[in-house]
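Colleague: Could you take me through the labels used for this model, and tell me what stands behind each one?
Modeller: Gladly, have a look first.

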Amino acid sequence: MTRLLSIEDLAVATGSGRPLVRGVSLTLRAGRILALLGESGCGKSLSLLGALDALPPGLRRMGGVVALDGRPCAGRELRGGIVATVLQNPREAFNPLLTLRAHARETLEVRKAEADARLASALAEVGLDDPAVPGLLPGEMSGGMLQRAMIALALIREAPFLIADEPTTDLDPVARARLMDLLAGLRARRGLGMLLVTHDLGVAARLADEVAVMQGGRIVETAPTARLFAAPAHRHTRDLLAAHAMLCADDRPPAKTATVGAVA
Amino acid sequence: MTLLALEGVGKSYRPGHPVLRGLDLAVRDGEWLGLLGQSGCGKSTLARIALGLERPDTGAVLYRGRPLAGLRGAEARQARRDLQLVFQSAAVSLNPRLTAGASIAEPLRNFEPLDRRGRAARVAELLEMVGLRPEDAGKLPGQFSGGQLQRICIARALAPTPRLIVMDEAVSSLDLVGQARLLDLLAGLRRSLGTACLFITHEIRLARRFCDRVAVMDGGRIVEEGPAAGIESMARHPAARALFDAVLPPLPPGMAAR
C-alpha cells in the first residue's frame, strides 16, 4: 500500500521562461489532509497540474521530482490510478453527451457489468444512491450532485490519493458542508491521502491536518493546522488570517456601525 | 423610507412549479439587505423581478410606493436609472470588443447630458472610485483579471448614480479575500453616495459583515428576516438553521475562539 506522495522543488514556467511556480515542495500522507491555501492566481492549480504533467499548452515544468514512497515517477503514471483529481468546475469536467454510467465504463475499461457495479457502490458512498443517477446526463444534475459524481468517478479507480482543486467554491453552504463531511468520511473509511486546494481558511480549519500557504508561486509556510492558526510565522499567512478573522467576527467593526447610524 | 418593495410576489415558469410564492421583501433607502438561500431557491428570479426585467404572475413591485410596472415616461426612465444590477459573471457581462471606458460610458450616454469630454472625465472618476486607474479606460476586458472586471461592472452600475444596486452573487467568483476587499470598497462608496444594496449571496460570512439586515429565502418565500448582527442565534426556520449551521468554523477543532 502506497503511503507517501512527495513533490520536491517543483517549478513551472511559461514558454518564454518566465517562472510562475518555484521551489514547491508538498508531501501527501495516507489518511491525512493537506490544504494548499492561497489567493487567486498564486499558482496553486499550476503546482498540481505541474506535478501531474497536465499543464496547459504553453507552460512547462522546469524541474522538480514527484515520488511515490520515495520512488520517482512521472506525472502520467500517477493520474487516475494513483492520484484521483476533483476539479473546481465539475460541469466542464464531464462530457455533456455521456451519462454517468458511460463515464464510468470509459474510466474503468472493464466489463460493463463490473463497471456498473463499481459505479453503483461508489455513488452510494458519496450519497447518490438513487438508482436513476447512473443514467443521468451532466446537464440533468445540480452543481452539488456533479461534484459528488466526480468524486464517485475518482473513487472507482481506488486511487490512494485524492487531489481536490477548490471542490467547494461553487456550492452553497449546505451543499458545501455535506461535501466536506463526505471528504472527512472518505479519509476515515478509505485512509485516502488528500490535497485540498482552497482559498478559504474555513475549509482548512474544518478538514486539514496540515496547511501549506502559497504566495506568488512559492510556498511561504507549511505547518500543522492548529499551529498555523495559533502562531502564523509568515507575514502573508498573518494577512490571510486577519482577513479570515474579520469575516468570521460575530461583532461588527466599529467603522461599519457608525456608517449604519449615519445612514439611518 | 422604503425604496423598493415586493408585495405578495408569485412567479412560476412551469404550471404547478412556483418559483416565488407570495414573497414580501422591502429595501429601505441606503440600506444593505443580504438575501441568503440555497442554490435554486429563487434568489435570481427575485432579483430580475425586483428590477422590472420580468413581470411577476401575482403581486407587485413598488418603487418608492408606486407600482414599477405602471411607471411611464420620465418616471419610468428615472426608475431604470435608479435601479442597477451587477451580475455574477463579470467576464460575460462585458462586451469583449468594447474598452472598459466605453462600457462604463454606456449608461452615461443614456442618462447624462454630457459631451464627449465630460463623459471621459466621469469615466476616469468612476474608475478611480472602484480602485482602478483612469488609463485603464483604454483597455479591453481580456487585459484585466477577474477581480478587475468585477470592478468595471460595478463602476458601470454606479455610473448613473443609482439609488439601489442589486448584486446577484456579484463577487462570488473572487476568492474570499478578494470579495472582502471589493466589498470594503463598496462600503466606502456607500458612505459617500448612500446607495442601497440588495446583496444576493450564499456566503453568510459576507452578508453578516457588510449588511444591515439579512433575509433568508426558502421554497419561494422569505422565511427569516432580521438584523445582520445576531441573525444566526435568532433564526428559527429549519432552512435558515441549516444555512447558519453550515457556516465554516473560524478555527480548527479544539482551538477556542478569541
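Modeller: The axes of H3(B) and helix H4 (residues 116–129) of chain B come within 10 Å and cross at roughly 115°. Axes here are lines fitted to C-alpha atoms, for helices over the stretch in contact, with angles running from 0 to 180 degrees between N-to-C directions. This is a predicted model, where local features need pLDDT of at least 70, side-chain atom pairs count only at pLDDT 80 or more, and totals for chains, interfaces and linings use all residues. Side-chain values use heavy atoms, leaving out hydrogens and water.

Colleague: Which residues make the contact of H3(B) with H4(B)?
Modeller: From H3(B) they include B:Ile104 and B:Leu108, and from H4(B) B:Val123 and B:Leu126. Contact means heavy atoms within 4.5 Å.

Colleague: How do the residues of that contact divide?
Modeller: They divide into 6 nonpolar, 1 polar and 3 charged. Arg counts as charged, Gly as polar, and Ala, Val, Leu and Ile are among the nonpolar ones.

Colleague: Why is A:Asp170 called partly exposed?
Modeller: Its relative accessible area is 45%, so A:Asp170 is partly exposed: buried means under 20%, exposed over 50%, and partly exposed in between (1.4 Å probe, protein chains only).

Colleague: What is A:Asp170 in contact with, leaving aside its neighbours within four places in sequence?
Modeller: A:Asp170 is in contact with A:Gln88 and B:His202. A:Gln88 is 82 residues apart from A:Asp170 in sequence, yet 7.6 Å apart in space, C-alpha to C-alpha.

Colleague: And which residues of helix H2 of chain B are buried?
Modeller: They are B:Ala76, B:Ala79, B:Arg81 and B:Asp82. What covers them includes strand E4 (58–63) and helix H3 (100–111) of chain B.

Methods
Residues numbered from 1 in each chain as written. Chains lettered and ligands numbered in written order. Helix = DSSP H or I, 4+ residues; strand = E, 2+ residues; numbered from the N terminus.
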